[in-house]
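Visitor: I would like to know how the words used for a protein model follow from its values. Can you take me through some cases?

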Amino acid sequence: MDYPAKIARHVAAIPRSGIRDFFELVQGREGIISLGVGEPDFVTPWHIREAAIYSLEKGQTTYTSNLGLLSLRKSIARYVGEFFGVAYDPAREVLVTVGVSEAIDLALRALLNPGDEVIFHEPCYVSYSPSIVLAHGRAVAVETSKADAFALKPENLAAAITPQARVLMLNFPTNPTGAVTSQEDLEGIAKLAIEHDLIVLTDEIYSELRYDGLPHVSIASLPGMRERTVLLHGFSKAFAMTGFRLGYACAPQPIIEAMMKIHQYSMLCAPIMSQNAALEALENGTPAMLAMRESYHQRRDFVVTRLNEIGLDCHTPGGAFYVFPDIRKTGLTSKDFAMGLLEKEAVAAVPGSAFGPSGEGFLRCCYATAFNDLRTAMDKIERFAQAL
Ligand code: PLP
């Protein structure tokens with residue numbers, strides 16, 4: 001059988017995730033300190049796990065409404081109203097999904113006609129460009145730079161907008177750079193979205209993990225933006241619930257309805273045990289979430305200080321749990337640096353090039369790792385960099 005010829009051309013054309021490739025090398029090897037996978041090192045708070053256990057115990061093991069449990073949607077609408085300052089109708093404007101991952105896929109498939117352009121800022125989360133291609137769209141990356149602390153500048157966005165542009169994807173705080181935007185830039189971006197009639201898909205999965213006492217501002221809350229924004233959020237990061245696979249989308253009803261049609265035929269609904277756990281997270285999980293944030297904040301400060309001491313120039317990220325040091329001084333490509341660090345010092349970090357061409361020359365280190373391991377990892381990075 002000629003299997004390659006049997007695979008859909010647009011699927012064959014997308015590359016495997018650079019992160020996965022790298023971590024297959026790491027798997028099964030002993031004694032490695034991983035700054036690789038973007039996952040909290042905390043176990044999900046106990047009361048949230050307990051809610052999933054109660055769901056099983058009470059025999060709540062059925063399908064739910066395609067949109068998700070109404071009790072959860074009400075809780076999401078309350079939380080989003082308080083945290084993001086945007087009101088959504090839980091009956092018609094909230095869709096519970098299998099992680100933000102599913103929500104991204106649904107939104108793109110619901111909004112794009114073949115050939116439509118989707119603009120996004122890069123370096124970015126590995127799934128964006130492939131998800132656009134899988135939805136038959138055209139991925140248009142706008143490079144961000146270290147000089148701007150990897151924030152998206154309205155003038156750079158403006159230069160990328162063509163008549164074919166239909167959707168703008170945003171992710172603040174950003175994976176892999178931890179970038180955030182200023183209110184002024186966000187307003188400039190919103191103005192462009194309105195001028196060019198773009199729908200904004202905003203992935204705010206790291207929104208609670210904003211540091212230095214500064215508030216997170218969602219583009220959905222700016223004047224004129226609610227009607228053209230699909231706000232995506234989930235439980236994986238701030239509530240340490242990656243394995244529960246739960247996220248949600250909030251948007252005007254016609255968009256949620258279109259996303260729901262795809263969701264009902266492809267996924268039916270998100271798992272009820274996870275939905276019950278998510279409800280508990282929203283209702284009673286804020287103190288635990290804030291304690292985790294405080295811990296990430298301390299680790300961010302430590303890692304940024306150490307990397308700059310080592311001579312690997314590192315901006316201070318305003319959010320998420322990643323640092324993105326500049327390794328260009330070493331003369332190595334990001335892949336060679338990451339491979340060398342793994343081979344010589346048994347520390348795993350992800351080459352910046354995995355997040356798009358503009359990530360070349362940088363390394364993504366996830367600092368959601370035990371403090372002792374971070375300390376050792378920084379010493380090892382120092383030894384590796386000095387030996388170069
Ligand atoms: N969006 C961003 C920016 C991410 O970094 C991730 C995971 O790393 C996801 C979405 C996927 O999240 P979920 O676990 O909710 O599918």
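## Reading the terms

Guide: This is a predicted model. We can start with two helices: the axes of α3 and α13 come within 11 Å, crossing at roughly 15°.

Visitor: What makes α3 roughly parallel to α13?

Guide: Angles under 35 degrees count as roughly parallel. The axes of α3 and α13 cross at roughly 15°, and that makes α3 roughly parallel to α13. The crossing of these two helices is right-handed.

Visitor: Which residues of α3 and α13 meet?

Guide: From α3 there are Phe 22, Leu 25 and Val 26, and from α13 there are Ala 338, Met 339 and Leu 342. By class, the contact of α3 with α13 has six nonpolar residues, no polar and no charged ones.

Visitor: Which residues of α3 are buried?

Guide: In α3, which spans residues 18-26, Ile 19, Phe 22, Phe 23 and Val 26 are buried. They cover an arc of only 95° around the axis, so they lie on the same side of α3.

Visitor: What covers the buried residues of α3?

Guide: The cover includes the helix α13 (334-345) and the strands β1 (33-34), β10 (347-348), β11 (350-351) and β12 (363-366). After α3 comes Gly 28, whose phi is positive, near 85°.

Visitor: Now another pair of helices. Why are α5 and α11 called roughly parallel?

Guide: The axes of α5 (residues 70-84) and α11 come within 9 Å and cross at roughly 30°. The limit is under 35 degrees, and therefore α5 and α11 are roughly parallel to each other. The crossing in which α5 passes α11 is left-handed.

Visitor: What residues make the contact of α5 with α11?

Guide: On the α5 side they are Ser 71, Leu 72, Ser 75, Ile 76, Arg 78 and Tyr 79, and on the α11 side Gln 275, Ala 278, Leu 279, Leu 282 and Glu 283. Sorted by class, the residues of this contact are six nonpolar, three polar and two charged.

Visitor: How do you know that α12 and α14 are roughly parallel?

Guide: Helix α12 covers residues 286-310 and helix α14 residues 371-387; their axes come within 10 Å and cross at roughly 15°. With a cut-off of under 35 degrees, α12 and α14 are therefore roughly parallel to each other. Their crossing is right-handed.

Visitor: Which residues of α12 and α14 meet?

Guide: In α12 they are Gln 298, Arg 299, Phe 302, Val 303, Arg 306, Leu 307 and Ile 310. In α14 they are Phe 371, Leu 374, Arg 375, Met 378, Asp 379, Ile 381, Glu 382 and Ala 385. The residues of the contact of α12 with α14 divide into nine nonpolar, one polar and five charged.

Visitor: Why does Leu 111 count as buried?

Guide: Buried means under 20% relative accessible area. Leu 111 has a relative accessibility of 13%, so Leu 111 counts as buried. This residue is in helix α6 (residues 99-111).

Visitor: What is Leu 111 in contact with?

Guide: Leaving aside neighbours within four places in sequence, Leu 111 is in contact with Asp 116, Arg 166, Val 167, Ile 199 and Ile 255. Between Leu 111 and Gly 137 there are 9.6 Å in space, C-alpha to C-alpha, and the two are 26 residues apart in sequence.

Definitions and conventions
Residues numbered from 1 in each chain as written. Predicted model: local features only at pLDDT ≥ 70, side-chain atom pairs only at ≥ 80, totals over all residues. Heavy atoms only, no water. Axes fitted to C-alpha atoms, helices over the stretch in contact; angles between N-to-C directions. Helix = DSSP H or I, 4+ residues; strand = E, 2+ residues; numbered from the N terminus. Parallel < 35°, antiparallel > 145°, perpendicular 65-115°, else oblique. Left-handed = near helix turned anticlockwise from the far one by under 90°. Contact = heavy atoms within 4.5 Å. Nonpolar A, V, L, I, M, F, W, Y, C, P; charged D, E, K, R; others polar. Buried < 20%, exposed > 50% of the residue type's maximum accessible area, 1.4 Å probe, protein only. Arc of directions from axis to C-beta.
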